[in-house]
Amino acid sequence: MAPRPTRRELIRGALATGAASVGAATAGTAAEAGLVAAPAGADTPAPSDAELMSRALEAERLMVLAYRRVLESDALTPGVRRVVAPFLGHELEHVAAVAAHLSALGAAAPTGPLDLRSAQAAMGKHRVSASLTALGTQEDCFKLLIDLESVAEGAYYTAMKNLRGPALQRLSGQVMACEAQHWTILSGLRNPGEYVKAVPWPYVFGTK
Amino acid sequence: MSSEDPSEADASSRRRLLRAAGAGLAGALLAGCGGESLRAQVHDAKPILHTDVDLLNHLLHLEHVAIAAYTAGTPLLAPQTLKAGQLFLNDELAHAGALAGLVRAAGGKPIKPAPSYDLGHPRSSEEVLALLHRVERAQISAYLEALPRLEPATVRQSIASILANDAQHVAVVRAALGKPAVASAFANGRE
């Protein structure tokens, strides 16, 4: 019969288990963020398609709220408003498409715009400092929309690393491309004639 | 323009660095861009499938066509769009470099540019823009077709990233042609 563990051995074992859990969680988080490959044997399940698209849906609902607030403000010039107004329609189509896929996966798929409190929490999570309420100038509007388009791009770019369903992979590619186009046109309106600011990189990643 | 916006000022300086370094360093430079570098992705746990070589080479062929179109057409662009043509040529060169790297990582040989391509005979800035629009749309269509067929997922991520950049090009070209810049909520290569 094996001797009972001493108190010292029990404590040492608990500390080792805790450290391993933290290490695995950290590695899993970093891997999910795309910073490092998950170590072999790490017990961190990849997010499901439903989880990934739920995050994308939250980003899209945030976009809908932001575009509505911007278009309801008096801050945009008529020319800019004419260009930007159709983007709200695109975001609504994105919400509908992502929600439809989530429903097919048996997941919750709320389609209404986020309430202000949830939106501000989501923006805080993505470290977006722009305001949803202080939209006094056109520059305020550009900053909000451009920052959130980056968040939306990032949601799909991040999802692409783990999405399993081909239809969702294609949809994510299509929507990410559209968000990148929004980003480019908004940046172009904000910085007329400065193409390097409208298309600064050969690659689009968005923000995490 | 908000000159104190750190994201845009940072993007401008990175853009200059990218142009100076040339397309051949595209993979290494990606390491500083907020995404996992192509090199890191290639050395991820899962290898790129050798069966993807043909598909990746097809995408590389389309990049060669785009490079030829931008190289030949940009000098004919009007002054207000000339700079965009130059920037987008750099982007396509970077894409070609990245795809060539993926082909090699899959154990294949990157397809070389053809001696010439049938680009028609555009003579005006508008005709060049129409050509560039066709070329970019063909790329978007091909990238979307390829996306769900490629493995591993990190390669799909890279392809999505390039696809989105080509979509940005389309938006600028469409605006220069006097069309609505973003034609659809879902990029499909027909816009």
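**Salt bridges, cysteines and the A–B interface**

Good morning. I begin with chain B, where Arg156(B) and Glu151(B) form a salt bridge, their closest N and O atoms being 3.3 Å apart. By salt bridge I mean a side-chain nitrogen of Lys or Arg within 4 Å of a carboxyl oxygen of Asp or Glu. Arg156(B) is buried, at 4% relative accessible area, while Glu151(B) is partly exposed at 34%. Here buried means under 20% relative accessible area, exposed over 50%, and partly exposed in between, with a 1.4 Å probe and protein chains only.

A word on the basis of these values. This is a predicted model, in which local features need pLDDT of at least 70 and side-chain atom pairs count only at pLDDT 80 or more, whereas totals for chains, interfaces and linings use all residues. Residues are numbered from 1 along each chain as its sequence is written, chains are lettered from A and ligands numbered from 1 in the order in which they are written, and side-chain values use heavy atoms, with hydrogens and water left out.

The structure holds seven salt bridges over all chains. One of them joins Asp49(A) and Arg164(A), at 3.5 Å from N to O. Asp49(A) lies in helix α2 (residues 49–72) of chain A and Arg164(A) in the loop between α5 and α6, so this pair ties together parts 115 residues apart in sequence. Helices are DSSP runs of H or I with at least four residues, and they are numbered from the N terminus. Asp49(A) is buried at 11%; Arg164(A) is partly exposed at 49%.

Another salt bridge in chain A is that of Arg190(A) with Glu139(A), at 2.5 Å from N to O. This one links helix α6 to helix α5, with the two residues 51 apart. Arg190(A) is buried at 4%, and Glu139(A) is partly exposed at 27%.

How many salt bridges are there between chain A and chain B? The count is zero. The rule does find eleven residue pairs in polar contact across this interface, both residues at pLDDT 80 or more. A polar contact is a pair of N or O atoms within 3.5 Å; within protein, one must be able to donate a hydrogen and the other to accept it, and residues adjacent in sequence count only if both atoms are side-chain atoms.

On the side of chain A that touches chain B, α6(A) gives the most, with 18 residues. In total, 46 residues of chain A are in contact with 55 of chain B, contact meaning heavy atoms within 4.5 Å. The area buried between the chains is about 4,500 Å², 63% of it from carbon and sulfur atoms; this is the accessible area (1.4 Å probe) that the two parts lose on being put together, summed over both. Tyr195(A), Trp201(A) and Tyr203(A) supply 18% of the area that chain A buries against chain B, more than any other three residues.

Asn165(B), in helix α7 (residues 153–176) of chain B, is buried at 0%. A polar atom of the Asn165(B) side chain lies 2.9 Å from the backbone oxygen of Trp201(A). Beyond neighbours within four places in sequence, Asn165(B) has contacts that include Val199(A), Pro202(A), Asp91(B) and His95(B).

Finally, the cysteines. A search of the whole structure finds zero disulfides, a disulfide being a pair of cysteine sulfur atoms within 2.5 Å. For Cys141(A), the nearest cysteine sulfur is that of Cys178(A), 19 Å away. Cys141(A) is buried at 1%, and Cys178(A) is buried at 0%. Thank you.
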